[in-house]
Amino acid sequence: MKVPKQTAEIFDILSKGQFICSNSSNERTRKLFDIIAEEDNFDLLHDYFTAINFILEEGNEYYYLSRLESKADLERKIETAFRWIDIVDFFKSFDTAFTSGFRFQPSDILVKLNVDAVLKDKLDGLKRWSKKDSYKESIEHIITKILCAEGFTELENEILNEYKVLSSFHYLENLISSINIPEDTQDEIPE
Amino acid sequence: MFEKRKSLSYKQEHALELLDDNEDIISLLISKGVINQNGGYIEIDETFLDFFEQILEVNEVINTAYINDNFEQVKQNILYYLQENNDGRKNSYLKAVKSTLKKIGRVTKRNIVDLKRNVENTFKTEPSFKVKLLKLENHRKKLSDIKNLIEQTEQLITEDERTFFATALDEELRIITVNLQLQLRESRHNLIETQKQIVEFINQIKSQSAFIEKLRQVKYLKDQFEIRGKSNINALLVNANALAFEKKPSYPLKLSLDELLGDKSRESIKKINGKLKTKVKPVVLVADRISAEYLELETENEIHINMDEVRNNFAASGNHLFDFIQHYQFPREVTYEERITVYCQMISMYENDLEISEKYSRHEAIEYAMVHPKSKRR
């Protein structure tokens with residue numbers, strides 16, 4: 001089995017729970033994406049990783065690793081999923097177009113906080129995850145320490161302090177979309 | 001004033017400014033019914049507004065009824081034309097048909113351009129998802145209306161009123177109909193494109209708004225602490241084994257000792273050492289002064305046994321060594337054991353000057369050899 005020579009690099013990123021996205025502003029990551037996407041390579045890498053108990057998964061313009069049996073217990077997963085729901089909800093309230101390819105600056109959010117009480121309220125709810133008191137620090141913590149660290153956004157322009165949402169954000173959207181709420185429960189939820 | 005027709009309130013004062021404060025003009029316009037007055041506000045009469053919009057081709061509202069009207073008019077005029085025997089009147093009907101046909105082509109094209117612009121504007125600017133969706137659906141309906149009209153018009157020209165177009169031998173009419181057909185065909189192609197766009201927009205909005213709606217429901221249940229009971233999140237997450245859920249792994253590998261000893265790692269070690277700064281400042285311990293006692297000179301006397309002297313005395317004594325040493329007056333008190341040690345030392349140091357015989361003698365528990373001075377005996 002002849003795996004691509006970048007396999008170690010790919011594994012290095014994916015094994016940390018990160019994603020390899022097609023729209024990353026990092027040229028190296030884009031290159032790695034192209035390598036995985038190349039014909040035959042996906043199957044090769046998939047087999048290769050399966051041998052060491054990882055499953056290479058393909059999403060909408062992104063790749064990630066999963067396991068046959070997760071090492072994280074259900075409680076931890078629920079905790080993580082809850083955090084993601086809160087965060088996605090916050091950013092979607094900031095801008096409904098907040099999805100893969102969206103660009104934003106933390107200062108934009110800060111400005112909108114002043115005129116949007118709902119958004120402010122949601123940010124207060126997020127303090128659970130950011131553990132910061134000031135709004136500015138809280139937003140920064142969520143963006144850099146959660147979204148960027150987990151590979152859903154990245155700093156694209158350092159001068160403008162502008163961030164870009166990566167295609168891995170689809171993973172969060174898919175996860176939330178696949179939560180099934182029975183119809184009679186849906187009716188209980190107020191508009 | 002026409003420019004501001006969209007805004008709901010156009011104050012009379014604004015109009016006055018435009019007209020250099022000439023109230024007479026405004027009152028004249030009002031009396032003629034061109035302008036309606038409503039309290040302090042004025043607005044252009046609907047009829048005139050439509051007229052201006054038509055002339056300037058800026059209407060935003062797509063008016064399919066207008067095309068439809070024209071269409072009906074053509075039909076009627078054709079009918080009159082066929083029934084009429086008077087040439088003069090026939091010609092006037094023909095003229096009416098020609099002008100209306102020209103109008104149809106122009107209006108249809110205009111409508112399609114407007115429609116396209118409206119669709120894009122709605123998609124880009126409408127903030128509410130629901131209204132956006134409704135508006136787009138409406139545009140889609142309008143689009144199919146226009147499409148129907150185009151088909152009807154085409155049918156009218158080519159099929160229904162073939163007799164008219166065949167009998168009315170008029171060069172201009174022929175050119176107009178050909179032109180109209182070309183315009184209609186172009187319009188149809190444009191319509192297909194627009195339709196595609198509308199469908200795409202609607203789909204995008206539907207998927208987006210569906211997600212937002214889902215997110216809202218999920219978030220609500222989560223905040224009510226009901227989500228685990230009322231949705232399949234547990235089952236879903238049991239099967240979700242992505243590494244993203246796990247803690248960031250770290251692989252604590254030990255440093256290679258061989259590598260650390262190498263020259264390459266020296267720089268790194270220096271760097272890390274530089275970073276390691278403890279806040280605790282090492283206190284240099286100052287020793288106490290050395291007390292004067294230690295500095296005082298002290299003499300200790302030890303009486304040394306001079307072996308040379310002992311040997312010289314021994315040589316003069318004529319006694320054998322053991323006995324001599326037992327009775328020798330040392331400068332200090334010397335114990336029996338020490339005397340034996342001196343005996344041994346004497347033998348080992350001055351072996352050449354002594355004559356060690358084979359004879360042995362005993363004194364208490366010790367057996368010793370008889371030793372005599374060498375030179376004296378010979």
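How are α4(A) and α5(A) oriented to each other, parallel or perpendicular? The model is a predicted one, and in it the axes of these two helices come within 10 Å and cross at roughly 75 degrees. Angles of 65 to 115 degrees count as roughly perpendicular, so α4(A) and α5(A) are roughly perpendicular to each other.

## Helix α4 of chain A and its partners

Helix α4 of chain A covers residues 74-94, and α5 of chain A covers residues 106-115. From α4(A), the residues Phe90(A), Phe91(A), Ser93(A) and Phe94(A) take part in the contact. They meet Asp108(A), Ile109(A) and Lys112(A) of α5(A). By class, this contact of α4(A) with α5(A) is made of four nonpolar residues, one polar residue and two charged residues.

A further partner of α4(A) is helix α8 of chain A, residues 169-177. The axes of α4(A) and α8(A) come within 11 Å, with a crossing angle of roughly 110 degrees. This pair is therefore also roughly perpendicular. On the α4(A) side the contact uses Trp84(A), Ile85(A), Val88(A) and Lys92(A). On the α8(A) side it uses Phe169(A), Tyr171(A), Leu172(A), Glu173(A), Leu175(A) and Ile176(A). The contact of α4(A) with α8(A) has eight nonpolar and two charged residues, and no polar ones.

## Salt bridges

How many salt bridges are found over all chains? A search of the whole structure gives 25.

Side chains of opposite charge can pair when their charged atoms come close. Across the interface of chain B and chain A there are four salt bridges. Asp86(A) and Lys219(B) form a salt bridge through their side chains, with an N to O distance of 2.7 Å.

## The interface of chain B and chain A

Chain B gives 37 residues to the contact and chain A gives 49. The area buried between the two chains is about 4000 Å², with 65% of that area coming from carbon and sulfur atoms. Within chain B, the residues that lose the most area to chain A are Phe211(B), Leu243(B) and Phe245(B), which together account for 17% of what that side buries.

The interface also holds 13 residue pairs in polar contact, both residues being at pLDDT 80 or more. On the side of chain B that touches chain A, the elements giving two or more residues are α6 (129-160), α8 (171-223), α9 (227-230) and α10 (233-239) of chain B. Which element of chain B gives the largest share of that side? It is α8(B), with 14 residues. Sorted by class, the side of chain B that touches chain A has 19 nonpolar, six polar and twelve charged residues.

## Backbone angles in two loops

Most residues other than glycine have a negative phi. Asn53(A), which is not a glycine, has a positive phi of about 65 degrees. Asn53(A) sits in the loop between α3 (41-51) and β2 (54-59) of chain A.

In chain B, Phe225(B) likewise has a positive phi, near 60 degrees. Phe225(B) belongs to the loop between α8 and α9 of chain B, and both of those helices give residues to the side that touches chain A.

Conventions: Residues numbered from 1 in each chain as written. Chains lettered and ligands numbered in written order. Predicted model: local features only at pLDDT ≥ 70, side-chain atom pairs only at ≥ 80, totals over all residues. Heavy atoms only, no water. Contact = heavy atoms within 4.5 Å. Buried area = accessible area lost by both parts, 1.4 Å probe. Polar contact = N/O pair within 3.5 Å; in protein donor to acceptor, adjacent residues only side chain to side chain. Helix = DSSP H or I, 4+ residues; strand = E, 2+ residues; numbered from the N terminus. Nonpolar A, V, L, I, M, F, W, Y, C, P; charged D, E, K, R; others polar. Axes fitted to C-alpha atoms, helices over the stretch in contact; angles between N-to-C directions. Parallel < 35°, antiparallel > 145°, perpendicular 65-115°, else oblique.
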